Amino acid sequence: MELIVGKTAGFCYGVKRAVDGAKEELKKDETIYGLGEIVHNLEVIKELENLGMQFIENIEEAKGETIIRAHGIQKEIYEKAKEKQIELVDYTCPKVLKIHQIAEEYANKGYYIFLLGNKKHPEIIGTLSYCGENKFVIEKEDYTIKALEALEKSEIKKLLVISQTTYSLEKFYIIEEIIKNEIQRDIELVIKNTICQATEIRQKETEEMAKKVDSMIVIGGKSSSNTKKLYEIAKQYCKTVLLIENETELVFGKIQSTDRVGIMAGASTPKESIKKVVEKLEKAYP
């Protein structure tokens with residue numbers, strides 16, 4: 001068996017910054033709150049809980065220093081924390097903060113905003129709070145025409161298109177093309193590809209790897225948006241693709257000893273998880 005591990009597999013800059021920052025804060029204070037899962041990976045969450053972090057879903061539950069996750073939060077939570085005199089340690093990914101700034105700037109200029117992404121994802125929930133009243137979340141290509149109909153009904157003549165940092169690059173380009181082809185010609189259109197560059201590179205590497213191997217293993221949290229997209233990309237080009245959270249979920253019957261196996265991991269997957277998968281494969285197929 002030949003194992004090929006993706007060069008971009010594992011923590012991205014934003015996730016590493018948030019996790020390392022949380023660990024440093026826990027060295028100073030044993031009781032720190034985390035507003036929502038700091039990243040979408042259960043092993044990372046368990047490690048931080050063991051170090052003393054208490055994860056909460058509402059700022060009202062906080063009784064002391066609270067860390068803001070890499071995905072960011074809604075605008076109004078900052079005000080609530082200020083009212084409660086809760087110290088916030090902001091580890092929102094800088095890429096996400098930049099999108100918040102763009103959304104707020106264009107909303108203040110009277111633009112209607114199309115936001116591409118999963119409407120239930122924490123990043124999208126946070127970004128929407130900066131988009132003003134006139135906005136539409138496009139989760140997949142089929143939603144684009146409905147979004148354009150909502151724009152037409154609003155009678156607003158300016159449109160901004162932005163996306164979740166971990167959105168599918170392929171879907172972004174498809175939706176961009178639909179908008180350009182179907183939008184009314186008197187609409188001022190601004191499209192900003194706000195997909196993180198690390199996400200783009202990781203998706204492209206996954207595609208190239210999947211074309212060259214017999215089997216693919218994608219490692220990441222079940223609720224991780226970017227991990228799911230890597231899995232979807234791999235399935236397009238490789239017959240056998242496994243999506244696992246850690247080495248305990250490996251299914252050897254689906255992988256042959258003669259296979260060339262590609263290993264890719266999501267942006268919230270620690271290097272240790274990747275290492276354990278590799279070690280288990282090497283032990284099973286020496």
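Two strands count as paired if DSSP finds at least two bridges between them. Helices (H or I, at least four residues) and strands (E, at least two) are DSSP runs, numbered from the N terminus. The structure described here is a predicted model, in which local features need pLDDT of at least 70, side-chain atom pairs count only at pLDDT 80 or more, and totals for chains, interfaces and linings use all residues. Residues are numbered from 1 along each chain as its sequence is written, and side-chain values use heavy atoms, with hydrogens and water left out.

**Sheet β3-β2-β4-β5**

- Strands pair in a sheet through backbone hydrogen bonds, in either a parallel or an antiparallel sense.
- Four strands make up an open sheet in the order β3-β2-β4-β5, and their pairing is parallel.
- The edges of this sheet are β3 (53-56) and β5 (88-90), each of which pairs on one side only.
- On average, neighbouring strands of this sheet are turned by 30° against each other, direction ignored; such angles run from 0 to 180 degrees between N-to-C directions, and axes are lines fitted to C-alpha atoms, for helices over the stretch in contact.
- Strand β4 (residues 66-68) runs parallel to β5 and is joined to β5 by three bridges.
- Within this pairing, I68 has D90 of β5 as its bridge partner.

**Sheet β1-β12-β10-β11**

- A further open sheet has four strands in the order β1-β12-β10-β11, with parallel pairing.
- Its edge strands are β1 (2-5) and β11 (240-244), and each pairs on one side only.
- Neighbouring strands of this sheet are turned by 20° against each other on average, direction ignored.
- Five bridges connect strand β10 (residues 215-219) with β11 in the parallel sense.
- In this pairing, M216 stands opposite V241 of β11.
- Helix α8 (residues 197-212) packs on the sheet and touches β1, β10 and β12 (260-265), where contact means heavy atoms within 4.5 Å.
- The direction of α8 makes about 165° with that of β12.

**R260 in strand β12**

- R260 is located in strand β12.
- R260 counts as partly exposed because its relative accessibility is 31%; buried means under 20% relative accessible area, exposed over 50%, and partly exposed in between (1.4 Å probe, protein chains only).
- The C-alpha atoms of R260 and V213 are separated by 5.1 Å, although the two residues are 47 residues apart along the chain.
- Leaving aside neighbours within four places in sequence, R260 is in contact with E2, I4, K212, V213, D214 and S215.

**Helix packing**

- The packing of two helices is described by the angle between their axes and the distance between the axes.
- Helix α1 (residues 13-28) packs with helix α2 (residues 42-50) at an angle of about 10°, and their axes are 10 Å apart.
- The helices α1 and α2 are therefore roughly parallel to each other; angles under 35 degrees count as roughly parallel, over 145 as roughly antiparallel, 65 to 115 as roughly perpendicular and the rest as oblique.
- The crossing of α1 and α2 is left-handed; this term applies if the near helix is turned anticlockwise from the far one by less than a right angle, and right-handed applies if clockwise.
- On the α1 side V19, A22, K23 and L26 meet V44, E47 and L48 of α2.
- Helices α6 and α7 (residues 169-182) have axes that come within 10 Å and cross at roughly 40°.
- The helices α6 and α7 are therefore oblique to each other.
- The crossing of α6 and α7 is right-handed.
- In this contact, T144, I145 and L148 belong to α6, while I175, I178, I179 and E182 belong to α7.

**Cysteines**

- The structure holds zero disulfides, a disulfide being a pair of cysteine sulfur atoms within 2.5 Å.
- C12 is in no disulfide, and the nearest cysteine sulfur, that of C93, is 6.1 Å away.
- C12 is buried, with a relative accessible area of 19%.
- C238 also counts as buried, at 5% relative accessibility.

**Loop residues with positive phi**

- Most residues other than glycine have a negative phi.
- Q85 has a positive phi, near 60°, and is placed in the loop between α3 (75-83) and β5.
- Q85 counts as exposed because its relative accessibility is 74%.
- E155 has a positive phi, near 65°, and lies in the loop between α6 (144-154) and β8 (158-163).
- E155 is exposed, with a relative accessible area of 64%.
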